[in-house]
Amino acid sequence: MKPQNILNADLHCHSVVSDGTLTPEALAERAKNNGVELWALTDHDEIGGQHRAAAAAKAQGMAYLTGTEISVTFAGETVHIVGLGFDPDDAALKQGLHNTRNGREQRAMEMSDSLAKVGIHGAFEGALKFVGNPELISRTHFARFLVESGVCKETNEVFRKYLTEGKPGYVPHRWATLKDAVTWITQAQGIAVIAHPGRYNFSANEEYALFTEFKAHGGRGVEVVTGSHTKQEFVKYAETAKEFGLAASRGSDFHSPDESHTDLGALPFLPGDLTPVWELLADRIQA
Ligand code: AMP
Ligand code: MN
Ligand code: MN
Ligand code: MN
């Protein structure tokens with residue numbers, strides 16, 4: 001039997017149910033074609049695509065874990081917590097995610113007003129054309145509108161110039177608390193995982209506090225191999241996983257064939273000395 005770490009698991013990606021451009025069915029097919037052996041769809045703040053994704057994985061003959069990526073505010077920054085292997089019909093998780101999505105429309109209108117002040121008009125309506133789920137209007141949809149209207153060449157440029165802190169289209173937002181997100185996932189029999197830790201602008205002390213509090217609330221995993229980590233970050237967060245006794249996860253964070261630089265399943269394997277998060281979730285995997 002091959003070691004558990006040598007598994008093409010991709011446990012992080014997005015569909016039209018949040019800010020991806022492919023349907024759950026198209027993602028399942030793409031994952032299968034790319035050699036993915038264990039898959040999870042992790043839409044932002046939403047589990048409405050889970051039954052479709054599980055059925056699509058089954059039709060492809062691919063193992064599946066339920067997934068989501070919850071937006072959290074910690075130490076004044078947005079942190080993402082991935083949940084894996086939870087019961088997709090859990091009422092408290094569904095309600096918590098519904099509440100987390102609630103402020104998005106208001107934020108989007110404020111973003112649009114703020115873009116209008118720098119001469120970009122109709123951004124709310126423009127972004128809406130790209131939205132697949134009316135409860136989930138995201139910065140990514142604004143980015144696609146600004147590319148379509150010729151303001152920027154690609155979505156990365158939009159984020160750099162307009163949609164990040166200090167830029168004209170940025171509107172701060174308060175998401176769920178770390179404790180709530182971890183608790184919703186855990187009480188629904190899932191495992192909470194810190195997503196792409198290399199992407200936050202924390203000091204070493206703040207990062208230590210994030211991992212410490214995450215563990216104290218019952219969090220059990222961290223993404224070590226993700227599409228947005230460098231090789232140095234694979235090494236750094238492998239060490240962090242061991243230091244905090246966390247299991248390791250692996251996921252591309254794929255959003256779109258036109259935008260994502262890491263395709264589904266196209267990642268190095270997890271380092272051999274880590275416990276893969278799917279080992280802890282063996283009885284939650286839908287074969
Ligand atoms: P939101 O949840 O609406 O604040 O949007 C967050 C999403 O924006 C993330 O999940 C990414 O898909 C996308 N995003 C954030 N920063 C960037 C960036 N620098 N370049 C491209 N996409 C980004
Ligand atoms: Mn996203
Ligand atoms: Mn994320
Ligand atoms: Mn993501």
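**Close-up 1. The residues around ligand 1 in the predicted model**. Asp-19, His-44, His-80, Arg-104, Arg-107, Ser-138, Arg-139, Thr-140, Asn-156, Phe-159 and His-255 form the shell (each has a heavy atom within 4 Å of the ligand). By type, the shell around ligand 1 holds 1 nonpolar, 6 polar and 4 charged residues (nonpolar: Ala, Val, Leu, Ile, Met, Phe, Trp, Tyr, Cys and Pro; charged: Asp, Glu, Lys and Arg; polar: the others, Gly among them). Local features here need pLDDT of at least 70, side-chain atom pairs count only at pLDDT 80 or more, and totals for chains, interfaces and linings use all residues. Residues are numbered from 1 along each chain as its sequence is written, ligands are numbered from 1 and chains lettered from A in the order in which they are written, and side-chain values use heavy atoms, without hydrogens and water.

**Close-up 2. Polar contacts of ligand 1** (pairs of N or O atoms within 3.5 Å). A side-chain N or O atom of Arg-107 is 2.5 Å from an oxygen atom of ligand 1. For His-255, the distance from a side-chain N or O atom to a ligand oxygen is 2.9 Å. A nitrogen atom of ligand 1 lies 2.8 Å from a polar side-chain atom of Asn-156. The protein buries 74% of the 500 Å² that ligand 1 exposes when taken alone (Shrake-Rupley method, 1.4 Å probe).

**Close-up 3. Helices and domains around ligand 1**. Helix H4 (104-116), helix H6 (139-148) and helix H7 (155-163) each contribute at least two shell residues (helices are DSSP runs of H or I, at least four residues, and strands runs of E, at least two, numbered from the N terminus). Domain 1 (4-100 + 174-284) and domain 2 (104-163) each supply at least three (bounds from an automatic or database domain assignment).

**Close-up 4. Positive phi at Ala-75**. Phi of this non-glycine residue is near 50 degrees. Ala-75 is in the loop between strand S4 (67-74) and strand S5 (77-84).

How values were computed. A polar contact is a pair of N or O atoms within 3.5 Å; within protein, one must be able to donate a hydrogen and the other to accept it, and residues adjacent in sequence count only if both atoms are side-chain atoms.
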